[in-house]
Amino acid sequence: MTTPTTDAPAVREEVLEAVGLTKHFPVSRRLGSLLTRTRPTVHAVDDVHLTLRRGQVTALVGESGSGKSTVARLLAQLYPRTAGTVRLHGEPVTVRGGRPFRAYARRVQLIFQDPFASLNPVHTVRYHLTRALRIHGNAGRTAADLDAALAKLLERVSLTPAERYLDKFPHELSGGQRQRVAIARALGADPDVLLADEPVSMLDVSIRLGVLNLLRDLKERLHLAILYITHDIASARYFADETLVMYAGRLVEGGGSETVTQSPAHPYTRLLIDSAPDPDRITGDAVAAGRERGDGEPPSLIRPPAGCRFHPRCPAAMPRCTTDLPPRLEVGDRPDHWAACWLYDPATVAAAREVNR
Amino acid sequence: MSEPVLEIRKLCVDYGLGDEAVHAVRDVDLTLHRGEVLGLAGESGSGKSTLAYGLTRLLPPPGVISGGEVIYHPVDGPPVDVLSLSPARLRDFRWAETSIVFQGAMNSLNPVHKVSTQLLDVIRAHEPGTTRAARLARARDLLRLVGIAADRLDSYPHQLSGGMRQRVMIAMALALEPQVVIMDEPTTALDVVMQRQILGQLAELRERLGFAVLFITHDLSLLVEFSDRIAIMYGGRIVEEAPAGELYRRALHPYTDGLLHSFPALRGPRRELTGIPGSPPDLRAMPTGCAFHPRCPRAFTPCDAELPLLGPPGDDDPGRAVACWLHPAAAAVPR
């Protein structure tokens, strides 16, 4: 296997692209708001741009409630969007079920967090995989073709020999094996894109890496585009080529994984990295040091803060942050490294230089 | 090292009876000292939660304590064997001497009662002589202690965020100033930012109040940072015990070493990591000898036949213990 990812990935073929992806969920009205015209909504995802490329892993990192799973579901077309476009191989696609949805699902497959819930407990591995192959027309014509396809799927996820696993029920498998079956099922469609929504967070620590390494291996062999959704930024550094950080429904920073984790630009990314457990910081002092930065909680998404959504917690907030939404601004000299933060506004940067001089 | 507050000796816990029984915890020896944070790490199914429930006698059937003893040393007075307390004594002992913050504590508050009702209830049950005003003042203090404004007393649990609910649970656990607080995955359901805030607060409270914490989690990297000593469980047994820093710098048991190499690092060079091959053992069909040998990269002759015992690894490592044939001094001399 090649070593993990270089920092400035060569530009590869775009497979799935989201432009201005937005999703607002309506909230039931309370008595008090009956008189007003506007219906309250949860701003789950606002104006998300992202591109998944062939043979590349893109990580989407954020706390729970930041809208990262909603992005995956929007990309899988499980929810209708409020606004924005999803392009598959450059073609805008909107499907609402039926045949077009199946055709879309053949290209874009979703892997869920909990392999205990995503496999049907009353059916065998053979049933789950056969169904995926049949639905997406990869089962072949004869029983022998089907058996060969099943064996190939299980071999791809390193569940060998296949006969040992084919007739097992989910409860007879360990968590890691179950997640491998879920991945094999997604591969049964022979997709271009895998949307992996926290694929390892329910698994035991010792087997997480096995599953991540498997996904990376698949990416390289099958040239898949993978969206890796996680709350663990260290695993994004390990596994992903590109990392995007999401806060309260908006993307706040993006760039090569090594750049984002080693020189984070947005104050929220810094908070996230400082909060991650780090055994090298032995007891005590780390706790006190963490106290000064960004205490508090994510905002309500029904009435999100104006301007930058992080400003109520941000230690570097300026008056401008409370009113104006920061656009994507280039950071430093790394290509493709950007942050949605006024600290990187050319005018601010120039003024800061002036002061230092 | 300070004096022990809780001693667990040869504790065994089974699920079920007779030949069908599953041995979830076997021959566990563990000592919690006054005022220390002892981390207990292991994968799911390694018996760490069962151990916590066993030593507080909260095991739901079919869980049975099949052997061993749990000795509690009060600040003043003779040691008490927790496992032989009468139901009335046990009720006094629970929460006043040892309290527990449960896994998924976010959901352990009663949704139809206000926070104040639930906090006052604890105090009233154990200190029936107090007046309502005194109890209320106490509840306010407790909330302030964990960093919640006292006016949130009248909130219902659903009006609080996950982090605040967790802090209410911690306040409740500290309500009677126990000597021992057991925390079973207290922050697993929380975000990293909230996790750090709560653990920071906990460390501060411990400095101030001096209780001992048994901290159970599967996240070893968190334990290395927050605890004084760490015990690693595998297949119902403790396989290694050491001061946190030493364990991190030089793990003796191959399983501990594997666990430490299962976390991608945020800093330093990027390395290829492998995790541990294979899957955790099935408690219904445990391997012979050392339970870890089928997954162990360094297994050799005695591992699949003879069970290594927990003991000191050698003369140069005081305060450490390991159960592995690679360190035969430990295995040959049972404590």
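User: Is Asp47(A) buried, exposed or partly exposed?
Analyst: This is a predicted model, in which local features need pLDDT of at least 70, side-chain atom pairs count only at pLDDT 80 or more, and totals for chains, interfaces and linings use all residues. A residue is buried if 20 or more other C-beta atoms, placed from the backbone, lie within 10 Å of its own, exposed if 12 or fewer, and partly exposed in between. Asp47(A) has 15 C-beta neighbours inside 10 Å, so it counts as partly exposed.

User: What is phi of Asp47(A)?
Analyst: Residues are numbered from 1 along each chain as its sequence is written, while chains are lettered from A and ligands numbered from 1 in the order in which they are written. Asp47(A) sits in strand β2 (residues 41–53) of chain A; strands (E, at least two residues) and helices (H or I, at least four) are DSSP runs, numbered from the N terminus. Asp47(A) is not a glycine, yet its phi is positive, near 55°.

User: Is Glu185(B) buried or exposed?
Analyst: Glu185(B) lies in the loop between β7 (180–184) and α6 (192–209) of chain B. Its phi is positive, about 45°, although it is not a glycine. With 20 other C-beta atoms within 10 Å, Glu185(B) is buried.

User: What is omega of the cis peptide bond that joins Pro61(B) and Pro62(B)?
Analyst: Pro62(B) is placed in the loop between α1 (48–55) and β4 (63–72) of chain B. For its cis bond with Pro61(B), omega is about 10°.
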